[in-house]
There are 2 protein chains.
Amino acid sequence: MGEHKKMPRASVLRMELCLELLEQLEADGSVYVTSRQIGEATGVSADKVRQDFFHLGSEGKPKVGYEVAQLAELIRSVLDLKTAKKTCLVGLGNLGRALTASNIWSRAGFELAAIFDTDPSLIGTTTAGIRVRNVTEIYGVVKAENIIAGVAAVPASAAQDTADLMVGAGIRAIWNFAPVKLHVPEDVVVESQSLAWGLITLSYEMKNNIKDQAPERAK
Amino acid sequence: MGEHKKMPRASVLRMELCLELLEQLEADGSVYVTSRQIGEATGVSADKVRQDFFHLGSEGKPKVGYEVAQLAELIRSVLDLKTAKKTCLVGLGNLGRALTASNIWSRAGFELAAIFDTDPSLIGTTTAGIRVRNVTEIYGVVKAENIIAGVAAVPASAAQDTADLMVGAGIRAIWNFAPVKLHVPEDVVVESQSLAWGLITLSYEMKNNIKDQAPERAK
DNA sequence: CGGCATTCGTTAAACAATTAACAATTTAAT
DNA sequence: ATTAAATTGTTAATTGTTTAACGAATGCCG
Ligand SMILES: NC(=O)c1ccc[n+]([C@@H]2O[C@H](COP(=O)([O-])OP(=O)(O)OC[C@H]3O[C@@H](n4cnc5c(N)ncnc54)[C@H](O)[C@@H]3O)[C@@H](O)[C@H]2O)c1
Ligand SMILES: NC(=O)c1ccc[n+]([C@@H]2O[C@H](COP(=O)([O-])OP(=O)(O)OC[C@H]3O[C@@H](n4cnc5c(N)ncnc54)[C@H](O)[C@@H]3O)[C@@H](O)[C@H]2O)c1
């Protein structure tokens with residue numbers, strides 16, 4: 001059985017997709033699922049699915065497949081989705097509000113515990129049951145509440161300052177939505193996500209797909 | 001000079017980041033920029049920057065760098081960001097509202113031209129100057145308005161149906177936010193984007209970074 | 001019980017992307 | 001003018017990911 005030192009990033013992303021399917025299967029009462037079925041449903045080749053599970057240290061039975069509940073648990077464990085991670089949001093603009101209202105936090109073990117902004121008209125209001133505070137309070141709140149992760153949903157011009165504040169307060173991981181490279185100490189993890197990526201790649205693919213007479217085969 | 005048949009996907013994503021920087025430099029009045037400076041600002045290695053520009057068919061001058069405006073134009077051209085692409089949104093929930101309010105469309109040449117939903121309490125209301133219509137009207141509207149792209153911001157259970165409707169109406173590209181693999185004809189481009197990816201990878205990285213005594217060097 | 005078909009775990013080969021290297025080119029300095 | 005320093009375009013080496021292959025394990029069927 002394969003031991004996993006570090007998993008390819010692409011595998012991690014696929015695990016997320018796979019877990020989503022597994023949870024659905026679990027809800028539907030399925031007990032076993034094969035690599036082929038997983039591939040069918042998620043659009044990933046069965047080979048790749050098995051290779052990914054190899055990285056995890058897989059547990060399937062030939063001819064039967066993988067036990068759904070057990071596999072889901074393994075993925076949650078490797079991705080560390082079970083341990084609770086208290087999180088703060090900085091910047092309650094359009095994006096911040098959407099994130100606040102969404103249900104994505106708990107799936108990955110994150111719990112939104114504080115919201116900060118600089119806008120006086122927002123400070124003191126309540127969103128999703130959380131009181132919005134002045135960003136100057138971040139140091140004390142993060143320490144007091146033991147918050148370890150932060151989301152930067154502020155304009156690009158304020159992103160580095162926000163990151164510095166977060167790092168100073170002791171935050172170890174930043175989910176950044178501003179289109180800039182954040183400079184942080186080595187022991188702080190940054191995951192940047194530009195929402196525009198999707199549109200840009202779509203634009204490029206559209207242009208190419210129209211020209212291609214032999215488009216990529218679905219696999 | 002290198003001709004570009006197909007650019008690596010990763011390069012496309014970096015182009016987006018680079019373009020953001022170039023536009024800022026343009027606004028600041030800079031005329032030239034070197035690969036090293038671009039790398040510095042975007043967090044990409046200078047080598048990779050030059051390799052990416054090689055794919056584009058680069059135009060820099062040794063010792064001087066690249067002409068900012070010209071390079072930006074080249075990227076816009078290769079990514080096809082200039083041609084207008086009329087787009088519709090299906091599903092005006094939390095995510096849909098955030099997307100409607102955001103300014104990401106125009107940068108990539110997309111124009112939000114129609115909004116559809118099934119919720120009677122939404123149909124007929126106006127958001128961002130656009131009247132929300134019943135999704136049953138999609139066929140006629142897409143034809144009449146010459147809409148070529150669609151955003152699926154509906155629950156996972158409705159995503160494939162939505163995709164089928166879009167394809168039936170003649171849409172050639174789908175930006176999908178539901179965590180499912182959409183089955184579409186080969187000549188339709190799908191770009192799926194799970195917002196949870198960021199959190200999942202963050203979770204995995206946090207776990208690994210804490211354990212690592214020799215964390216990845218910033219490059 | 002004994003073959004047959006299926007599916008897994010693993011290894012190996014093919015492919016793709018990143019990093020490194022360097023000659024060619026341009027500017028600036030002496 | 002000539003040299004020195006910087007930076008590009010491009011090729012080569014390295015690294016990483018995906019695809020393919022196949023023996024071993026398992027269930028199924030006669
Ligand atoms: N809205 C989107 O869909 C979208 C799409 C792509 C990228 N983004 C990026 O996400 C970020 C936020 O986008 P948005 O649309 O929510 O912006 P927004 O302007 O709606 O909201 C920004 C919020 O941050 C607050 N803020 C500003 N400076 C601050 C500071 N120093 N400290 C704390 N709070 C501060 C503002 O008061 C405001 O509430 C931007 O970097 C943007 O480029 C957003
Ligand atoms: N909100 C987020 O931040 C977030 C995060 C991660 C993933 N997602 C995904 O994005 C999608 C949308 O999320 P959301 O939070 O906006 O959901 P939501 O429930 O807030 O909104 C869904 C909208 O789609 C409409 N709808 C439902 N069925 C439809 C149909 N058949 N045709 C047209 N419209 C229909 C509903 O009326 C509603 O307005 C989901 O697939 C979700 O998994 C959202």
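Tutor: Let us begin with strand pairing: two strands pair if DSSP finds at least two bridges between them. This model is predicted. In chain B, Phe116(B) stands opposite Arg133(B) of strand 6.

Student: How many bridges join strand 4 of chain B to strand 6 of chain B, and in which sense do the strands run?

Tutor: Three bridges join strand 4 of chain B to strand 6 (residues 130-134) of chain B, and the two run parallel.

Student: Which residue of strand 4 of chain B does Lys86(B) stand opposite?

Tutor: Lys86(B) stands opposite Glu111(B). Strand 3 (residues 85-90) of chain B pairs with strand 4 of chain B in the parallel sense, over six bridges.

Student: How many residues of strand 4 of chain B are buried?

Tutor: As a general idea, side chains in a regular strand alternate between the two faces of the sheet. In this case, strand 4 (residues 110-117) of chain B has seven of its eight residues buried, and is thus mostly covered.

Student: Why does Val190(A) count as partly exposed?

Tutor: Val190(A) counts as partly exposed because its relative accessibility is 26%. Val190(A) belongs to strand 9 (residues 189-192) of chain A. The C-alpha atom of Val190(A) is 4.8 Å from that of Ile174(A), although the two residues are 16 apart along the chain.

Student: Where does ligand 1 lie, and which residues are closest?

Tutor: Ligand 1 lies between chains A and B. It is surrounded by 21 residues, the closest being Gly93(A), Asn94(A), Leu95(A), Asp117(A) and Val154(A).

Student: Which backbone atoms lie by the oxygen atoms of ligand 1?

Tutor: The cut-off for a polar contact is 3.5 Å between N or O atoms. A polar backbone atom of Val154(A) is 2.6 Å from an oxygen atom of ligand 1. For a backbone N or O atom of Leu95(A), the distance to a ligand 1 oxygen is 2.9 Å, and for one of Asn94(A) it is 3.0 Å.

Student: How much of ligand 1 does the protein bury?

Tutor: The size of an interface is often given as the accessible area lost when the parts come together. Ligand 1 exposes 820 Å² when taken alone, and the protein buries 77% of that. Helix 5 (94-101) and helix 8 (156-169) of chain A are the elements that give two or more residues to the shell around ligand 1.

How values were computed: Residues are numbered from 1 along each chain as its sequence is written. Chains are lettered from A and ligands numbered from 1 in the order in which they are written. This is a predicted model: local features need pLDDT of at least 70, side-chain atom pairs count only at pLDDT 80 or more; totals for chains, interfaces and linings use all residues. Side-chain values use heavy atoms; hydrogens and water are left out. A residue is near a molecule or strand if one of its heavy atoms lies within 4 Å of it. A polar contact is a pair of N or O atoms within 3.5 Å; within protein, one must be able to donate a hydrogen and the other to accept it, and residues adjacent in sequence count only if both atoms are side-chain atoms. Accessible areas come from the Shrake-Rupley method with a 1.4 Å probe; for residues, only the protein chains shown count as cover. Helices (H or I, at least four residues) and strands (E, at least two) are DSSP runs, numbered from the N terminus. Buried means under 20% relative accessible area, exposed over 50%, partly exposed in between (1.4 Å probe, protein chains only).
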